[in-house]
Amino acid sequence: MVVYNFSAGPAMMPSEVVEQIKAELTSYKASQMSVMEISHRSDLYAQMFQEAKADLRELLAVPKTHRILFLQGGASMQFTTVPLNLAYKTKRIAFVDTGHWSQTAIADAKLLPDKEVDVIASGHENGYTALPTKIKAQKDYDYVHLTINNTIEGTMFQKLPELAGQTLVGDISSNILGYQHNVDKYGLLYASAQKNIGPAGLTLVIVKEDLLDQEQDLPSMLDYVKLIKEDSNLNTPPVFPIYAAGLVFKWLKKQGGVAQMQRQNEEKSNLLYEQLDNSKLFKATAAKADRSLTNIPFTTGDKALDERFVTEATQAGLCNLKGHALVGGMRASMYNAFPYAGAKALVEFMQKFEQQVHP
Ligand code: PLP
């Protein structure tokens, strides 16, 4: 039976990459050492890291003004690191509350004793099924934080709010490299790897260097200035996830880059949204205008029926469709490595299921 993994993360990786990892696992580049054993101070590592960084720069068209960091601690660590660095002196931060992950980022920023945190817009009133429409900043902030793709609620900023003069920070954990972000429009972008890149353990930060205070002095692992100075090699980096990410970047370049990934993600998500819009049984929960390309929550509106659907889908090889505990229902996450055939298999299964329930 073919198995399709709809997990929101850790998620599917390209099978060619997994095969390559398997083939060279015991000896990386004829070194007779596994990639898991090579030193982060070796030339082998240095070359691997520099190539991965250059490939990522090319794939995301990162301008020269921005530096790329390969860090640890997940996107969650950035909920603390970003405010410490970008609000180092003036300490005024604005958030747009679009659901669970932005709320977690807000809560962590508020724990920092000297920061002023304003929530300037919220999707609370509509249960986070749509993004807030009126996003206005009344003050000068160090930055305005946006969760660009809301993994749980299935919403996504397809257009950035007009916030002239403000620095934008974006959490792109669930659609990095799957959608063409204009890096130039952001002061900082961050994402963990385990959704659309590779194994967990690697977090990417892309930061405009002139936003940083070169005189700042923060604990080393939280200080972008020190981390940039050591080229993300201040302590032992996660060598294996960086290696795997590097292979995924090469795979992406071969596939035609981010533009091609976005087209494919549109094809997969359109197929499922069309099915949902035409169904009498299933319904997409996110507002049409704000729909995510990568995370698609849906429901029958009947808890028991949702559970039956998830159980039967799993038996048919359509795995991890259970919705997040906060939202319930189902969620199909389809990142870059997820094949069109998987979206098609889900749609056909939904049609059969609907036929059984409403013959
Ligand atoms: N931000 C978003 C949008 C996410 O989807 C997630 C995880 O699912 C996180 C942050 C937290 O990521 P991590 O588990 O890498 O800390």
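Let me start with a definition: a residue counts as buried if 20 or more other C-beta atoms lie within 10 Å of its own, as exposed if 12 or fewer do, and as partly exposed in between, with C-beta atoms placed from the backbone. Two words on the ground rules, then. This is a predicted model, where local features need pLDDT of at least 70 and side-chain atom pairs count only at pLDDT 80 or more, while totals for chains, interfaces and linings use all residues. Residues are numbered from 1 along each chain as its sequence is written.

So, is Lys195 buried or exposed? Lys195 is buried, because 29 other C-beta atoms lie within 10 Å. You will find Lys195 in the loop between β9 (188-192) and β10 (203-208); helices (H or I, at least four residues) and strands (E, at least two) are DSSP runs, numbered from the N terminus. An unreviewed UniProt entry lists Lys195 for "modified residue: N6-(pyridoxal phosphate)lysine", and such annotations may be inferred rather than shown by experiment. Leaving out residues up to four places away in sequence, Lys195 touches Ala8, Gly9, Ala11, Ser173, Ser174 and Tyr335, contact here being C-beta atoms, placed from the backbone, within 7 Å.

Next, the ligand. Among the residues surrounding the ligand are Gly9, Trp101, Asp171, Ser173 and Ser174, where near means a C-beta atom, placed from the backbone, within 6 Å. Which helix gives the most to this shell? That is α3 (residues 74-86), with 3 residues. The shell divides into 2 nonpolar, 8 polar and 1 charged; Ala, Val, Leu, Ile, Met, Phe, Trp, Tyr, Cys and Pro count as nonpolar, Asp, Glu, Lys and Arg as charged, and the others, Gly among them, as polar.

In α8 (residues 303-315), the buried residues are Asp306, Phe309 and Ala313. They cover an arc of only 60° around the axis, so they sit on the same side of α8; the arc is that of the directions from the helix axis to the C-beta atoms. The face turned away from that buried side carries the exposed Lys303, Ala304, Thr311 and Gln315. Just after α8, Gly317 takes a positive phi of about 90°.

Finally, α7 (residues 257-278). Its buried residues include Val258, Met261, Leu272 and Leu276. Thanks, everyone!

Conventions:
Contact = placed C-beta atoms within 7 Å.
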